[in-house]
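Here is a short note for a colleague opening this structure for the first time. Please keep the 3D view open while reading.

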Amino acid sequence: MNKIKSSLPIFIFLFVLVIGCSQKSTLDDLPRIGIAGIAIESSTFSPAVSEIDAFKVSRGEEIFNLYPFFSPDSANRKRAVWLPALYARALPGGAVTRETYESLITEMLDSLRKNAPYDGLFFDIHGAMSVVGLDDPEGDLIMRIREVIGTETVISTSMDLHGSVSPRLAKHTDLITCYRLAPHEDAMESKKRTVDNLLERLEKGLGKPTYKAWVAVPILLPGEKTSTRIDPAKSLYAKVAPAADQEGVTDAGIWIGYAWADEPRNQAYIMVTGDDGELVKQTAGDLAKSFWDVRHEFDFIAPTATLEESLDKAVSSDKRPYIISDMGDNPTAGGAGDVTWTLNEILMRPEFKSEDGPSLIYASIPGPEFIDKAVAAGVGGKVEGYAGAKVDARFSPPVFLSGKVTSIVHGDQHAVSEVVVKVGSVSVIVTKKRKPYHLESDFTRLGLDPRQTDVVVVKIGYLVPELYEMRGNWIMALTPGGVDQDLERMEFKRINRPMFPFDREMTDPDLSPILIPLSYEK
């Protein structure tokens, strides 16, 4: 008995040692993968700039919370030693200041440096970031990441289809994936595919795909003309998944590009990666030709009109709610969000001056000083003051609002504070900071019922799913702002020419795919 007792500690020690060695061996066998990225869509036609407070910055393990496929019990979480560095995301806006950009990437690179070496990197970006005084920020960013992690590490890049794939970005990424739907209902699915492709290549010892075929397509169109809800974009994008699923192809993508940045890289792109060189090139060429062949068929996803015509149609309609997209200042496309032109026009219309007029919700206009006055007046109190046009006053001055406060809500992650002021028959949502209104709950939490409102005016382009489902009818108003949908009346100076639709009679371009060198090749 004593002999058994005396040998027990040794047994426990050996058991713990074996288990520990087994776990260490398992961890040593897993690939080491970093996570990093910066995502913002930036209009160079807006006077706004995006500073550090525009970004929600996630660091270290809190980055896992951004992706459902990285939940603690997920299969992907267990397939690698994950080393999340920094991920920063902002609402679309103006160009990022150079100081903000340098601050974010300095912290990102420091974090990546601490955990090197890496077998792979999940690089999550939007692809349409503009930085003051710097062309192609994502190309610059990936090059600087390469200086830290080296050229052997496999980088798998996730992108919005409204981004741009510059030659530098194409060279320094190894795998690349982009969304296939607009609106982007497949965003998280696409990010997971980016990670799955990376894990599969590393686990099977395949490393970098041998071939990357890239085509720059001279087309520059806004998202409102290229929604995948309707043709030709619907049929065009339906070709992407079958192309990517071919044996010898890793992934394929079509990038529409971003229409409101006057930069040389801004246009459409095709990129296909894989190990079958001929098939990769042929697939890229076929997708590029398919895109070019339907260029004349793209049109707005919904009827468009002037604001005056849009309001006339909405007021005379028996469909409720009649939604009007105030497109020119859409904050989710990069507009400043505080252009007052549309709201000033609405408040001047006689039918909205009386409380008995057609009910209208306007979402929204920033006005921090007005918020303070409304809070002081309280719900039910009278308030008057100015809002908007602090950032973008090119088209209209600050709007004067005088009415009754019907709601005050604090705590929104974007707006910070929101008030509703009733001016005649118009319920104006005023925010401390700009905010997009995409969900029914965005309205109902303010005591508003959009479904029972005659007209709802939202700063948006094509309707996101909840608004689309809610609509009684819908029209897109061609209003002014930093993301004006009438591209041909905007002053582009730096994009490549010829470019469709600016040069409609241009000759057919050479759409021969270019094989992009691997990151360690010259």
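1. Start with the terms. Helices (H or I, at least four residues) and strands (E, at least two) are DSSP runs, numbered from the N terminus. With that in hand, look at Pro232, which is found in the loop between β10 and α6 (233-237). The peptide bond leading from Asp231 into Pro232 is cis, with omega near 10 degrees. Keep in mind that this is a predicted model.

2. There is another cis bond to check. It runs from Arg497 to Pro498, with omega near 0 degrees. Pro498 is found in the loop between β21 (473-477) and β22 (514-515). As background, most peptide bonds are trans.

3. Two backbone angles deserve a look. Most residues other than glycine have a negative phi. Asp136 is not a glycine, yet its phi is positive, about 55 degrees. Asp136 sits in the loop between β7 (120-124) and α3 (137-149). Its relative accessibility is 9%, so Asp136 counts as buried. Val416 also has a positive phi, near 70 degrees. Val416 belongs to strand β18 (residues 416-423). At 31% relative accessibility, Val416 is partly exposed.

4. Next, the rings. How many aromatic pairs does the structure hold? There are 16. In one of them, the rings of Tyr67 and Phe70 have centres 5.7 Å apart and planes at 85 degrees, so the pair is edge-to-face. Tyr67 is buried, at 2% relative accessibility. Phe70 is buried too, at 0%. The rings of Trp214 and Tyr269 also have centres 5.7 Å apart, but their planes are at 35 degrees, so this pair is tilted. Trp214 lies in strand β10 (residues 211-217) and Tyr269 in strand β12 (residues 268-274), so the pair ties together parts that are 55 residues apart in sequence. Trp214 is buried at 10% relative accessibility, and Tyr269 at 3%.

5. One cluster is formed by Phe64, Tyr67, Phe69, Phe70, Trp82, Tyr87 and Phe122.

6. Charges over rings come next. Arg229 lies over the face of Tyr468, at 4.0 Å from the ring centre. The charged end of Lys435 sits over the ring of Tyr437, 5.0 Å from its centre.

7. Which residues touch the most other members of the largest nonpolar core? They are Ile145, Val217, Ile270, Phe291 and Phe443, in a core of 98 residues. Helix α8 (residues 277-293) supplies the largest share of this core, seven residues. Beyond its neighbours within four places in sequence, Val217 is in contact with residues including Ile270, Phe291 and Leu511. A second, separate core has 31 residues, among them Tyr322, Leu360, Val419 and Val457.

8. Finally, strand β14. Tyr322 lies in this strand, and so does Ser325; the strand covers residues 322-326. Is Ser325 buried or exposed? Its relative accessibility is 0%, so Ser325 counts as buried. Tyr322 is buried as well, with a relative accessible area of 5%. Leaving aside residues within four places in sequence, the contacts of Tyr322 include Lys313, Asp454, Val456 and Trp474. On the same terms, Ser325 touches Trp474 and Met476, among others.

Technical notes. Residues are numbered from 1 along each chain as its sequence is written. This is a predicted model: local features need pLDDT of at least 70, side-chain atom pairs count only at pLDDT 80 or more; totals for chains, interfaces and linings use all residues. Side-chain values use heavy atoms; hydrogens and water are left out. Buried means under 20% relative accessible area, exposed over 50%, partly exposed in between (1.4 Å probe, protein chains only). Contact means heavy atoms within 4.5 Å. Rings of Phe, Tyr and Trp (its six-membered ring) pair if their centres lie within 6.5 Å; planes under 30 degrees apart count as stacked, over 60 as edge-to-face and the rest as tilted. A charge sits over a ring if NZ of Lys or CZ of Arg is within 6 Å of the ring centre and within 35 degrees of the ring normal. A nonpolar core is a set of buried Ala, Val, Leu, Ile, Met, Phe, Trp, Tyr and Cys residues joined through side-chain atoms within 4.5 Å.
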